Amino acid sequence: MTNPAPLISAFRQALSEAWANGAGAFLPASFFAGAAILVPFTMGAEIEVLSRIGPDVLWLSLALASFVTLERIFQADLQDGALDLWAQEATPISLIALTKTLAHWLISGLPLDLLTPVLGLMLTVPAEKTLPAMIAYGLGGLTFFLWGGVAAALSASIARGGLLIALLALPFYFPTLIFGALALQGGLTATPGLLLIASTLFALGVAPLAMGAALRLATD
Amino acid sequence: MWSILANPHRFMGFSKPAIPALASIGVVLFAYSLWQGLFVVPTDEVQGGHIFRALFIHVPSAWLCMGLYVGLAVASFVWFIWRHELADVAARAIAPVGTAYTALCLATGSVWGKPTWGTWWLWDDPRMMSVLVLFFLFIGYMALRTAMETRQKAARAGAILAMIGLINIPIIRVSVDIWSSIHQGPSVIRAEGPAMDWIYLQPLLIGFLGQGLIIAAIIMILMRAEVFGQQADALMARRLAGK
């Protein structure tokens with residue numbers, strides 16, 4: 001039986017660290033809103049255009065906003081030595097990495113999801129369209145964080161790896177963006193919605209293993 | 001059985017005569033397919049007249065860039081599991097060749113697409129999207145390797161990335177297939193030519209084989225350069241140590 005103590009401590013550490021840094025959800029949420037708000041300035045303010053592309057603009061902003069905090073997700077643990085201690089635990093490091101990523105998503109991913117109806121209203125997307133879509137945005141955001149977490153773990157030992165993380169994670173965002181954008185049209189029970197759920201589950205299964213291998217490399 | 005190939009000395013001995021042999025056979029086959037493709041085979045009006053002769057570069061490059069990514073992932077897997085140094089040397093040599101071939105595939109596809117489909121770039125075509133994603137995977141792989149401090153770390157990080165890239169390719173493929181089945185290009189005439197005649201297929205396959213042999217030779221040259229570089233480093237380290 002896996003000893004849950006390191007998992008609990010990793011979870012609590014991720015939560016407290018996020019608030020101690022003074023940023024928490026504030027920075028990614030501001031970036032998310034800022035990216036979405038820039039769109040009317042470039043695309044024009046015609047209501048029918050905005051309400052048509054609004055849901056997809058939110059997908060794009062969500063993908064971009066996930067890059068804001070990914071750089072720090074494992075780097076701080078590497079610098080303060082927490083990663084070295086975790087690598088020595090009997091608990092698999094991939095489970096610890098999964099816990100960290102879920103905590104990270106709770107802090108800086110879920111608030112973005114809660115913001116989507118508000119931003120949707122600003123982009124003149126009716127709330128009855130964005131409220132059901134929140135589940136899709138939530139699943140998509142989680143998938144972004146999982147694949148982004150793999151990229152972040154791979155570049156944990158690289159100083160200023162932010163752009164590299166974005167480049168590495170980009171190909172893995174494609175399916176989620178496509179399934180996600182299509183799921184908004186057909187709902188979660190149509191094929192694209194089911195595929196979105198499937199790709200999230202796939203990421204939940206595969207990404208922790210890759211993160212674990214990458215973190216072992218970072219601690220060497 | 002495969003570990004025979006893992007011995008660098010045996011590789012150096014085997015590749016030295018193999019490179020000129022593969023390269024010369026490859027050049028002859030490639031030249032034959034180009035001569036056939038450019039001057040001998042009749043034009044295909046359905047595929048846009050003379051521009052269809054891009055086929056003899058474009059289609060082999062599409063097959064080869066996918067094959068090269070699989071090769072990269074397999075070499076990464078072998079290195080990750082058995083730590084055969086030569087597998088990493090191979091992965092490192094495959095990456096730039098694969099990137100170049102992916103770019104060649106996209107470029108020749110665009111040149112061919114403009115007169116036949118009426119556009120340089122077609123977002124609805126799942127094959128184009130898949131190759132584009134492949135291009136980013138190759139670029140990311142090389143960027144990650146250059147960013148790592150040591151060779152060993154670069155090899156490990158690159159191997160992890162190449163392997164998760166490979167298992168994601170089917171999902172990416174499904175997603176772009178679904179996407180393009182919903183978005184249909186309205187104004188684009190899709191040229192659906194007849195099934196390929198032997199007169200086209202024969203130079204195409206010969207050209208594919210020729211380019212494959214040339215690529216194998218290039219990769220071996222890059223691998224040899226890498227092995228020589230490592231030997232030079234070792235010599236230098238020994239000299240600096242005063243032995």
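1. Nonpolar core. In this predicted model, the largest nonpolar core contains 133 residues. Ala153(A) and Ala214(A) are the residues with the most contacts inside that core.

2. Surroundings of Ala153(A). Leaving aside residues up to four places away in sequence, Ala153(A) touches Phe74(A), Ala97(A), Met211(A), Ala214(A), Leu215(A) and Ala218(A). Ala97(A) belongs to helix 5 of chain A, while Met211(A) and Leu215(A) belong to helix 9 of chain A.

3. Helix 5 against helix 9. Helix 5 (residues 93-108) of chain A packs on helix 9 (residues 191-219) of chain A at an angle of about 110°, and their axes are 8 Å apart. Angles of 65 to 115 degrees count as roughly perpendicular, so helix 5 of chain A and helix 9 of chain A are roughly perpendicular to each other.

4. Residues at that helix contact. From helix 5 of chain A come Ile93(A), Ser94(A), Leu95(A), Ala97(A) and Leu98(A). They meet Pro208(A), Leu209(A), Met211(A), Gly212(A), Leu215(A) and Arg216(A) in helix 9 of chain A. By class, the contact of these two helices has 8 nonpolar, 2 polar and 1 charged residues.

5. Contact between the chains. Chain A and chain B each put 24 residues into their contact. On the side of chain A that touches chain B, the elements giving two or more residues are helix 7 (127-154), helix 8 (162-186) and helix 9 of chain A. Helix 8 of chain A gives the most, with 11 residues.

6. Which classes of residue make up the side of chain A that touches chain B? That side has 21 nonpolar and 3 polar residues, and no charged residues.

Methods:
Residues numbered from 1 in each chain as written. Chains lettered and ligands numbered in written order. Predicted model: local features only at pLDDT ≥ 70, side-chain atom pairs only at ≥ 80, totals over all residues. Axes fitted to C-alpha atoms, helices over the stretch in contact; angles between N-to-C directions. Helix = DSSP H or I, 4+ residues; strand = E, 2+ residues; numbered from the N terminus. Parallel < 35°, antiparallel > 145°, perpendicular 65-115°, else oblique. Contact = placed C-beta atoms within 7 Å. Nonpolar A, V, L, I, M, F, W, Y, C, P; charged D, E, K, R; others polar. Core = buried A, V, L, I, M, F, W, Y, C linked by C-beta atoms within 7 Å. Buried ≥ 20, exposed ≤ 12 C-beta atoms within 10 Å, placed from the backbone.
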